[in-house]
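Subject: Handing over a structure

Hi,

Here is the structure I promised to pass on. Please have a look at it first, and then read my notes below.

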Amino acid sequence: MDFLALFVSLPTRQSAGRMRIWRALRALGCATLRDGVFLLPESAEHAAALAQIAADVNASQGTADIYRLGGRDEAQQTEIVALFDRTAEYARLLAAMAGADAGDAKVLRGLRRDLAALIAIDYFPGEAQRQAQEAFAALEAAA
């Protein structure tokens with residue numbers, strides 16, 4: 001599997017631009033390889049999204065380049081995939097579900113939205129996603 005790597009450098013005085021770029025990268029579910037290097041699984045949709053972010057970076061007087069990246073062996077490929085682990089995010093969501101009032105429709109809508117957003121950026125789903133989906137289904141059934 002190949003990944004798209006966005007290399008970003010922004011001027012230090014561009015705090016608003018930095019925050020805007022960081023939020024956009026986070027919304028896409030980018031993994032951070034190291035400071036200024038963000039990864040997404042390769043796809044046409046991800047390439048377009050990263051190109052838009054790169055254009056925003058360049059408009060903010062920064063520099064941005066996109067490269068294709070793959071692990072040089074299976075071990076490194078596994079390390080790259082591990083950067084996308086969403087277990088901690090699912091744990092926070094599960095904790096919110098555990099404390100939620102199943103009878104509160106507004107809370108359920110918020111949890112459903114949060115779960116859907118997390119699933120949308122979970123490029124390598126596993127047990128944590130399954131547990132969160134089951135917990136939400138149980139919460140809905142209790143409502």
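Before the helix packing, a word on how it is described: axes are lines fitted to C-alpha atoms, for helices over the stretch in contact, and angles run from 0 to 180 degrees between N-to-C directions. Helices (H or I, at least four residues) and strands (E, at least two) are DSSP runs, numbered from the N terminus. With that in place, helix 4 and helix 6 pack at an angle of about 15°, their axes being 9 Å apart. The two helices are therefore roughly parallel, a label used for angles under 35 degrees, while those over 145 count as roughly antiparallel, 65 to 115 as roughly perpendicular and the rest as oblique.

Two notes on the source. This is a predicted model, in which local features need pLDDT of at least 70 and side-chain atom pairs count only at pLDDT 80 or more, whereas totals for chains, interfaces and linings use all residues. Residues are numbered from 1 along each chain as its sequence is written, and side-chain values use heavy atoms, with hydrogens and water left out.

**Helix 4 and its two partners**

Helix 4 passes helix 6 in a left-handed crossing, meaning that the near helix is turned anticlockwise from the far one by less than a right angle (clockwise would be right-handed). On the helix 4 side, the contact (heavy atoms within 4.5 Å) is made by T87, Y90, L94 and M97, and on the helix 6 side by A128, Q129, Q131, A132, A135, F136 and L139. By class, this contact has eight nonpolar, three polar and no charged residues. Here Ala, Val, Leu, Ile, Met, Phe, Trp, Tyr, Cys and Pro count as nonpolar, Asp, Glu, Lys and Arg as charged, and the others, Gly among them, as polar.

The other partner is helix 5. The axes of helix 4 (residues 87–98) and helix 5 (residues 105–120) come within 11 Å and cross at roughly 165°. That makes helix 4 roughly antiparallel to helix 5. This crossing is left-handed too. E89, Y90, L93, A96 and M97 of helix 4 meet L111, D114, L115, L118 and I119 of helix 5. Those residues divide into eight nonpolar, no polar and two charged.

Two glutamines of helix 6 (residues 127–142) are worth a look. Q129 counts as buried at 12% relative accessibility, where buried means under 20% relative accessible area, exposed over 50% and partly exposed in between (1.4 Å probe, protein chains only). Beyond its neighbours within four places in sequence, Q129 is in contact with Y90, I119 and D122. Q131, also in helix 6, is partly exposed, with a relative accessible area of 36%.

**The chain as a whole**

How many helices and strands does the protein chain have? There are six helices and four strands, and from the N terminus on they run β-α-β-β-α-β-α-α-α-α. The C-alpha trace spans about 50 × 40 × 25 Å along its principal axes. Of the 143 residues, 34% count as buried. Among contacts between residues at least 6 apart in sequence, 73% join residues at least 24 apart.

**The cores**

A nonpolar core is a set of buried Ala, Val, Leu, Ile, Met, Phe, Trp, Tyr and Cys residues joined through side-chain atoms within 4.5 Å. The largest one has 15 residues, of which L6, L25, C30, L50, I53 and V57 touch the most other members. Strand 1 (2–9), helix 1 (15–28), strand 3 (37–41) and helix 2 (44–59) each supply at least two residues of this core, and helix 2 gives the largest share, four residues. A second, separate core of 14 residues includes Y90, L93, L111 and F136.

**Two more residues**

L28, in helix 1, is buried, with a relative accessible area of 18%. Leaving aside neighbours within four places in sequence, L28 is in contact with L40, A49, L50, I53, I121 and Y123.

Finally, Q61 lies in the loop between helix 2 and strand 4 (63–70). Q61 has a positive phi of about 65° although it is not a glycine, and it is exposed, with a relative accessible area of 57%.

Best wishes
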